[in-house]
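Happy to walk through the salt bridges of this model with you. Take a look at the sequence and the structure, and then let's go through some questions together.

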Amino acid sequence: MKLFLRTKDFSVSGESFDLHYDAELDMLVTQPQPNDTASYYNSKEYISHTDSVASLTDRLYQWVKRYNIKKKIKIADNQIVKSKKLLDFGAGTGDFLIESKANGFEINGIEPSKIARDNALKKGIQLFSHPSEIEGEKFDVITLWHVLEHLPNLDDQLKLFKNLLNEDGTLIIAVPNYKSFDAKHYGQHWAAYDVPRHLWHFSKTSIVRLFDKHDMEVISVRPMLFDAFYVSLLSEKYKGSKIYMIKAFGIGLWSNIKAYFSKEYSSLIYIIRRKTSF
């Protein structure tokens, strides 16, 4: 694999990493990949595992999260064929599951971070730490909201998802898109590279090819419009911009305008099901 870009962990460790291009799958791979990534998450800077509102960026993150949750639940609800049994991988502090339960879903969640699980428990949500704890269960909808890029051993993970799905179940995956305008604009400072927590960096082609190997197909792709603004905000901060709010809004807006025509939004949601046989 050829070197595509050299970047670094701007939010926690400051360490440098390389992104290599996998031509077969049309995706980028973080190198080196740490054997133990726990230390890169166990930081107050990693907001996904907390409910922090300490800074303006934190407050914007929480606002966007609340807005997105309503959109996510609507997407999940539209996929239901029979019952409403849902599993959320990488459930974080449980907010998506709380709202899902309020909308009639039978909820289950997996979250490896003890910090995040403890925060979820304070809200009344009991999360599992590992898929082995739900062995034998089947679900109508499995969601991974910005989680797939964190998971090692991709093929094993895709097999697991397929095994956990009911025959007519739906897998919903949201991931950053390294072919978006904001990714190209910010280059090594693009916040959604988020190395080394993000091990893989997907394109639309790579998602289709990866799941095709497991007899699953992408039936729909949806944009996450607010991601362009939030990712641009972080990227401007990483660049050291003094007027990062103004610049981020401009780049986020322009990225979405360009994506209206190219369909290469900053982040994309993929609706995936088993291939049908006739």
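Predicted model: local features only at pLDDT ≥ 70, side-chain atom pairs only at ≥ 80, totals over all residues.

Q: How many salt bridges does the count come to?
A: Side chains of opposite charge can pair when their charged atoms come close. A pair counts here if a Lys or Arg side-chain nitrogen lies within 4 Å of a carboxyl oxygen of Asp or Glu. By this rule, the count is 10 salt bridges.

Q: In which strand is the salt-bridge partner of Arg-6?
A: Arg-6 pairs with Asp-18 through a salt bridge, at 2.7 Å from N to O. The two sit 12 residues apart and link distant parts of the chain, with Arg-6 in strand E1 (residues 2-8). Asp-18 belongs to strand E2 (residues 16-22).

Q: Is Asp-18 buried or exposed?
A: The relative accessible area of Asp-18 is 19%. Buried means under 20%, so Asp-18 counts as buried.

Q: How many residues apart are Arg-197 and Asp-9?
A: These two form a salt bridge whose closest N and O atoms are 2.6 Å apart. Arg-197 lies in the loop between helix H6 (181-186) and strand E8 (200-201), while Asp-9 is in the loop between E1 and E2. That pair links distant parts of the chain, 188 residues apart.

Note on methods. Residues numbered from 1 in each chain as written. Heavy atoms only, no water. Helix = DSSP H or I, 4+ residues; strand = E, 2+ residues; numbered from the N terminus. Buried < 20%, exposed > 50% of the residue type's maximum accessible area, 1.4 Å probe, protein only.
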